[in-house]
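Student: Could you show me how to read a protein model, one feature at a time?

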Amino acid sequence: MAAPMPNDHSWFFALALGVSFLKCLLINAYHSTDFEVHRNWLALTHSLPVSQWYYEATSEWTLDYPPLFAWFEYGLSHIAQFFDKEMLVVQNLNYASPATVLFQRLSVIAADVVLIHAVKECCKCLREDKGKDLLGKPSFILTGLLLWNFGLLIVDHIHFQYNGFLFGVLLLSIARHFQNRHLEGALLFSILLNLKHIYLYIAPAYGIFLLRCFCFTQNNPDGSLQWRSFSVLRLVALGTIVLSTFAVSFGPFIALGQLPQVLSRLFPFKRGLCHAYWAPNIWALYNIADKAFSILGVKLKLLDISKLPKASMTGGLVQEFQHSVLPSVSPLATLACTLLSVLPALFRIWHRPNGARGFLRCLVVCALGSFMFGWHVHEKAILMAILPLSLLAVESREDARTFLILSITGHYSLFPLLFTTQELPIKIFLMLLFTIFSLTSLKTLFSKGGALLNPLEATYLLGLIPLELICEFVYPLTVWQKTFPFLPLMFTSVYCALGVAYAFIRLYISLLTCSDTTKRLKTH
Amino acid sequence: MENWSLISLCVLLGLTARWAVSFHSYSGAGKPPMFGDYEAQRHWQEVTYNLPVREWYFNTTNNDLNYWGLDYPPLTAYHSLVCAYVAKLLNPEWVELNASRGYESHTHKLFMRATVLFADILIYIPAVLVYCFYFCDGSSKQKVATALCILLYPGLVLIDYGHFQYPLLFTLILLCTCIVFNCIFRYNCVSLGLALWGILGLGLGWDLFGSLAFTLALNYKQMELYHSLPFFCYLLGKCIKQGLTGRGLFLLAKISLTVLVTFALCWMPFLSDPKQPLQVLNRLFPVDRGLFEDKVANTWCSLNVLIKIKTLLSRETQLFLSFALTLLFILPSSLKLLSKPTLWQFKLALVNSSLAFFLFSFQVHEKSILLAALPVCLFVNEIPLIAIWFLLTSTFSMLPLLVKDGLLLPYVVTSLAFLFLSLYLLSALERSTDEELRLGLYHKLTLHCLPKLNLSRIIKWKFWFSLVAMAALSFTSVWLEPPAKLPDLFPVLVSVLSFLHFLGFIIYFNLVQLMEPQRKKSQKKTN
């Protein structure tokens with residue numbers, strides 16, 4: 001925290017080491033079923049031939065990540081056998097010996113080295129990195145925001161997933177684009193897509209950006225597209241990289257004739273519109289509006305209770321949610337909404353690319369757009385918007401403001417992931433730690449123009465404190481806990497949905513007007 | 001960033017680390033029939049809640065003293081009683097008389113951990129913060145760094161949140177006493193801007209508040225006697241300085257009155273019958289338990305490797321010998337303090353006295369090293385390298401205990417984290433010139449008779465060498481099987497190695513204290 005010499009980079013290692021030690025302390029914490037999911041994948045990749053990977057169904061947690069991730073698990077399993085061979089047996093369902101826990105947790109921590117490296121590269125891309133005081137240095141703040149990110153800590157190191165490593169690849173790819181090493185960036189991103197296909201959501205931003213800024217080598221003086229500058233060579237290079245990555249990853253399965261099976265595992269559309277706990281997006285608001293209308297309708301005697309679908313009255317905890325008044329939403333409709341929501345952004349960067357920063361902004365909009373409108377979105381997906389936005393937040397005041405609103409509400413919406421009493425203090429401590437750090441460091445960074453948040457936003461964010469107190473401490477003591485156990489979760493997601501939606505709109509506005517802001521920056 | 005946010009970040013980090021350590025197992029988890037310290041604490045809650053005060057320390061039908069009988073002073077008992085009321089409210093099974101013996105459950109573990117966390121937040125952390133912010137030199141960042149290092153001291157975190165104990169109460173009291181003395185020394189009583197303590201200070205005078213706090217600490221844990229001589233000498237020295245015929249005498253009278261009244265208040269329930277306090281004392285100082293238990297990193301246990309003292313000497317000789325040696329090692333530092341009652345001397349005397357007690361006194365627990373570690377914590381800003389070294393060694397000396405409790409993982413992680421963070425935050429390796437190691441005078445003395453030595457470099461080498469040795473021994477004692485003939489080989493090696501370190505430290509701290517150059521003036525300037 002208080003480095004004697006701000007010039008050297010020892011502070012970076014202190015931050016990275018510090019967070020790694022913290023992760024090690026969390027090894028014994030609660031882990032979710034995702035732990036068993038990954039153990040199962042370790043076992044099946046280790047003990048079965050490749051041809052069976054996507055057919056194996058002993059456990060209900062079948063392999064539903066793309067092939068490169070399966071190969072990653074395959075690689076891990078070779079180290080795993082030195083810890084405990086039993087974890088590599090497919091039939092050992094829910095096997096969690098201390099050695100297994102230790103190995104799996106350590107594998108996440110070790111894989112985070114990629115993230116640490118990526119963050120270091122990102123710090124090099126910052127526009128201005130002066131700051132006399134270490135604590136006010138943009139690169140220091142960015143490192144804190146990325147490495148100590150609350151969401152990553154609890155999702156990866158308590159809940160259990162490998163997001164840190166995957167986001168490391170994403171951030172590294174973004175950093176490469178900032179450094180104008182586009183081919184490397186494209187390679188990294190296509191690897192990322194083959195590690196976890198959820199990143200398809202941000203693929204449109206990549207596609208348009210690479211086509212526009214890499215394949216076209218020149219712009220007109222006003223920044224618009226110069227059609228004649230198209231470079232076939234670059235397109236071919238790009239295409240070769242992307243296709244060969246996919247060929248390496250999916251090739252074996254195509255050769256085996258298993259592609260339809262693999263794809264059916266990757267894209268299961270049998271799930272409902274919302275997850276058991278609604279992610280804070282438009283559909284949470286839609287559901288609650290539907291519920292409000294139905295209750296209102298029953299009160300006003302416009303609707304007949306017996307005709308309403310049953311699930312809607314106990315909803316919030318059921319997967320299949322039937323709307324009673326508003327029309328039900330089909331997967332296709334959500335897809336259309338998602339596409340519609342990101343189209344203006346894509347059009348914008350095609351028209352006025354605004355460099356790598358414009359691309360990054362568009363990427364965040366894509367991630368957030370798909371989060372807002374997607375089918376069966378997990379609350380964890382909010383990290384895909386929060387982490388890249390950190391990069392923008394340390395460079396401009398308005399983005400910092402958006403970041404604060406999005407990160408605080410988004411992180412708060414992750415609270416229901418950890419529902420055990422034992423983890424209650426730690427999630428609160430970590431959340432406070434990250435929130436106080438981001439609030440005060442961004443405030444010092446942009447200390448010139450007064451407060452970062454306006455009173456309304458501040459009040460909204462402060463409202464999370466009573467919400468938390470009521471949901472976790474007061475409500476369980478009331479009689480409604482037994483009859484309506486889902487109410488706290490519902491309130492949480494609806495309350496957070498408002499904040500996320502607001503941040504989405506702000507971000508969109510900033511994207512559509514961003515060339516003006518950069519011009520203003522230049523004239524300063 | 002503003003100060004408040006740095007402070008809250010540092011506190012939150014400390015709390016996160018504490019709670020994360022508490023996920024691990026505790027002393028005696030799932031080991032019937034006796035379990036461990038966790039069960040002792042729970043049992044005391046049961047006893048104090050269900051039995052009348054007069055039965056607490058006596059062996060009765062309902063109170064089997066052989067099963068974790070109460071052997072701490074009354075304040076601990078009261079504390080248990082308060083916790084028991086909360087426990088009763090949450091789940092009566094937890095404190096049911098006799099039936100609750102060996103009660104273990106996930107929720108109960110959470111409850112016990114929460115009581116520790118609660119006490120920590122309430123007392124220990126504020127005390128650390130106040131100490132760092134009002135009585136350490138340097139920029140505010142440096143103060144935060146000091147506070148963070150003290151808060152992350154692995155020994156305390158592991159014993160409180162892993163092994164399970166409440167040493168924080170006496171810790172608090174110790175610290176706030178230091179602060180109190182600090183106040184007199186530097187701020188002359190009143191100028192401290194702390195509302196609560198300001199009120200107390202105005203009402204009672206800081207000396208009195210200090211002695212009150214210390215008396216409370218003594219009544220919480222009898223081991224606090226380790227620190228009693230420095231307190232006594234400091235106060236007496238101060239009285240002498242003010243003149244034993246005038247104001248000093250008045251002060252002395254006030255202080256002794258405070259101590260007596262506090263004692264009387266704490267012991268009130270036991271004063272009705274003369275048998276009661278005697279029985280309590282008998283429980284507090286169990287002379288019949290022998291010179292040492294298990295493997296402790298003190299002189300007796302280490303000597304035992306060469307000479308079997310326990311069998312060689314009679315109990316009385318042992319008692320006398322340990323008493324004499326302890327006294328011998330305390331006296332120089334205490335006398336120096338008596339003649340020069342300053343804060344710096346006081347802190348040094350605290351270290352010297354508690355270390356002497358730890359090394360030479362009768363019936364010492366390995367956990368008692370925390371009593372010496374605490375005053376050393378107060379040096380992390382002044383002599384960072386030595387303080388870090390000491391604190392790591394003290395954690396290492398408890399290794400066998402921690403391994404027994406299944407706390408190996410948090411031990412490794414917190415020790416490494418503490419080592420790296422404190423070396424980095426306090427830039428300990430850069431701040432280790434002879435002058436900063438307080439060896440300037442020693443250097444001058446040896447200049448005449450010895451060839452010129454680069455003490456700072458020697459100490460740094462020793463530091464790394466000893467770290468490697470401790471790491472290697474930790475590693476071997478966990479992963480290697482001891483030879484069949486010597487099953488206790490590794491614990492003994494651990495305690496002997498730590499003992500050698502502690503012996504070195506007591507010599508070092510005594511040297512620093514006894515040869516203190518006239519640095520009072522320069523210290524005042526920096527304030």
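Predicted model: local features only at pLDDT ≥ 70, side-chain atom pairs only at ≥ 80, totals over all residues.

Tutor: Residues are numbered from 1 along each chain as its sequence is written, chains are lettered from A and ligands numbered from 1 in the order in which they are written, and side-chain values use heavy atoms, leaving out hydrogens and water.

Student: How many helices and strands does chain B have?

Tutor: Helices (H or I, at least four residues) and strands (E, at least two) are DSSP runs, numbered from the N terminus. Chain B has 24 helices and zero strands.

Student: What share of chain B is buried?

Tutor: Buried means under 20% relative accessible area, exposed over 50%, and partly exposed in between, with a 1.4 Å probe and protein chains only. Of the 527 residues in chain B, 59% are buried.

Student: And which residues have the most contacts inside the largest nonpolar core?

Tutor: Such a core is a set of buried Ala, Val, Leu, Ile, Met, Phe, Trp, Tyr and Cys residues joined through side-chain atoms within 4.5 Å. The largest one has 306 residues, and Tyr199(A) and Phe390(B) have the most contacts inside it. Helix α4 of chain B (residues 106–135) gives the most to this core, with 14 residues. A second, separate core of 14 residues includes Cys233(B), Leu251(B), Phe346(B) and Leu350(B).

Student: How do α10(B) and α16(B) pack?

Tutor: Axes are lines fitted to C-alpha atoms, for helices over the stretch in contact, and angles run from 0 to 180 degrees between N-to-C directions. Helix α10 (residues 228–241) and helix α16 (residues 343–360) of chain B pack at about 150 degrees, with axes 8 Å apart. α10(B) is therefore roughly antiparallel to α16(B); angles under 35 degrees count as roughly parallel, over 145 as roughly antiparallel, 65 to 115 as roughly perpendicular and the rest as oblique. Contact means heavy atoms within 4.5 Å, and here Pro230(B), Phe231(B) and Tyr234(B) of α10(B) meet Phe346(B), Ala349(B), Leu350(B) and Ser353(B) of α16(B).

Student: Is Thr143(A) buried or exposed?

Tutor: Thr143(A), found in helix α6 of chain A, is buried, with a relative accessible area of 0%. Not counting residues up to four places away in sequence, Thr143(A) touches Trp11(A), Phe12(A), Leu15(A), Val119(A), Cys123(A) and Trp148(A).
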